[in-house]
Amino acid sequence: MGLILCAARGGEASYRTQQAAIALAKERQDELIFLYIIDLSFLSKTAAPIVVDIDNELEQMGNFFLLMAQERAAEFGVEARTLTRRGAVREEIIKTVQGEEATTVVLGRPGEKQSAFKMSDLEAFAFEIEQKTDAKTIIV
Amino acid sequence: MEILSEITLFSQDQIKLFEIPGGIALIISVIIFLVVFISISFQLLHETTAALMGAVAVFLVTYIGGFYNPELKILAFDDAMGIVDWNVIFLIMGMMIFMAILAETNVFKWLAFRLYEAARGNVVVIVFSLIILTGITSAFLNDVTAILLLVPLSIQIAAAIGLDPVSLVIAEVLASNIGGAATLIGDPPSTIVGSHIGLSFGDYLVNMAPVAMLCMVALLVINWLQYRKSYSESKRKVSETLTEQLAAESQIVNHSTLYKALGVFLITFIGFFTASTFGQMPPGVVALSGATILIIWVKPDIYNMLREVDWTTLLFFIGLFIVVGGMEATGAIEWMASRIILFAGENLDKAALIMTWVAGIVSGIVANIPFTVAALPIADYLTANIPGGSESRLIYWGLILGADLGGNSTYLGSAPNIVAIGLLAQAGIQVSFRRFLRDGVPVTIVTLIIATFWLLIRY
């Protein structure tokens, strides 16, 4: 039995990726983990007063997305685990793949409007994951 | 030369105005400002780093360059300390302490969730109430804080009801910039200009809150016109588990602290209105007094509390005041202002409209805080030299409205925009420059037109 890792966020593109990961987990009877990564680097672009515990705010937002992903999986009879990590997205995905010994990583193909990566970047990242871990990557 | 003056229709005196004064210190002060301005606007350096770099450059040129050549003296350290607007610094610092204590109580998320519940699944009511809440919160708290407090919950609500979060979040950002224009403490350009001309909280509110409200109505209408189809298509049923999760993260955290903070905030708010009766007590003193009373009453860990004060922001303002002060001291600002008078022809309405629209357009392209600090001495010059300027303060109102509302057109325009785009990216949603323009530009144009009519009719 393998372990599928899927990064979960709140956009439409992420829902499609989650759906594909759920279908794959059901088909292979694999374990499924949804991952949310908190990356606060965007705050370094401005000198605005940051008096809010933004790490906590984003953790709550991430938990909500993970809960939504878990609900989707449950609708298809798949029980999914969730994880939250902090740091740069690429590094944290690779670290989690290594730490959890994931066998498959599901990455979302960039949508026309909204996505975290460009297609060429995504392919390079998929290659990097396969180089640094034992996991296979699937771009859906 | 005579022929030239006839052709160009300018007198000899006017032609002299085109001549750039030859002082090398003037040219260096302008170059320093431009380097800082470009570094901030195009995010080449962190805002604070850029402003500090500029301030240090002003001092090094003044002292080391001035030692060898007195013509290189831009601004002496003692003079620079007089140029920094400490009222702005203390006002922002005091409000930061308030925000830090209030934010810990989770009251804003609690309010947002109550509004969501009260809407009973009506998408338009949910969206409008969150937009209005963000606008009102931004009028009394720093606009970036309002965005950081409300946008993560708004994204979750939008995702839960099947609505594109971008349609809600960009409108909240626009509302935050509009709401910030309503009060003296809402938006940095408002604080900077209001403090500079010694406006009381009440004076500012009476003049700017009505136009901010009109702009808010315009924002809601435009948002409805742009997204009414997706609002009617959104699914309305949210699962019990997700609702419970939203409710759990929207609880008031510390009731006792909340009541104390609201009590002191109310007293401080009254203080803002009445301060001018006590020998022109500046709003900075009121904010700092309120914050200190709150610290004494709530007894937070003072070390943690002071860590909550964002010193990078305060240093950013200090550095920026020094850089612009350098241009003022060398005569660069006066030279630029005299060009505007040449075009405005001592017509107050024309000068005010130039100020409003230039501030509006420039603030969309580059950061509005350094622009406001640089434009302020120009506004001083125009106000002093155009008949009727001092009585109506029309040029200052134009600068405030232009800088606050103009920041809405692109996501580079003001800090809340940048922060909101970052929060959306955390939700996996990338907002392109063009995508922001699609929502921001119509609202900016309509609100600047409203501001123009307001200025012409009201003053």
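**Figure 1. Where helix α19(B) meets helix α24(B) in this predicted model.** On the α19(B) side, the residues that make the contact are Asp349(B), Ala352(B), Leu353(B), Thr356(B), Trp357(B), Gly360(B) and Gly364(B). Facing them from α24(B) are Thr444(B), Leu448(B), Ala451(B), Thr452(B), Leu455(B) and Leu456(B). Sort the residues of this contact by class and you get seven nonpolar, five polar and one charged.

**Figure 2. The geometry of the α19(B) and α24(B) pair.** Two packed helices are described by the angle between their axes and the distance between the axes. Here, α19 spans residues 348-365 of chain B and α24 spans residues 433-458 of chain B. Their axes sit 11 Å apart, and the packing angle is about 160 degrees. Angles over 145 degrees count as roughly antiparallel, so that is the label for α19(B) against α24(B). As for handedness, α19(B) and α24(B) make a right-handed crossing.

**Figure 3. A look at Leu148(B) in helix α9 of chain B.** The helix that holds Leu148(B) runs over residues 143-160. Is Leu148(B) buried or exposed? Leu148(B) counts as buried because it has 28 C-beta neighbours inside 10 Å, and the cut-off for that label is 20 or more.

**Figure 4. Chain A, element by element.** Chain A has four helices and five strands. Trace the sequence and they come in the order β-α-β-α-β-α-β-α-β. Chain A is 140 residues long, and 43% of those residues count as buried. What about contacts across the sequence? Taking the contacts in chain A between residues at least 6 apart in sequence, 74% link residues at least 24 apart.

**Figure 5. The side of chain A that touches chain B.** In this view, 30 residues of chain A are in contact with 38 residues of chain B. Which helix of chain A gives the largest share of its side? That's α2(A), with ten residues. Both α1 (12-28) and α2 (54-75) of chain A supply at least two residues each to this side. By class, the chain A side that touches chain B is made up of 16 nonpolar, nine polar and five charged residues.

Conventions:
Residues numbered from 1 in each chain as written. Chains lettered and ligands numbered in written order. Predicted model: local features only at pLDDT ≥ 70, side-chain atom pairs only at ≥ 80, totals over all residues. Buried ≥ 20, exposed ≤ 12 C-beta atoms within 10 Å, placed from the backbone. Contact = placed C-beta atoms within 7 Å. Nonpolar A, V, L, I, M, F, W, Y, C, P; charged D, E, K, R; others polar. Axes fitted to C-alpha atoms, helices over the stretch in contact; angles between N-to-C directions. Parallel < 35°, antiparallel > 145°, perpendicular 65-115°, else oblique. Left-handed = near helix turned anticlockwise from the far one by under 90°.
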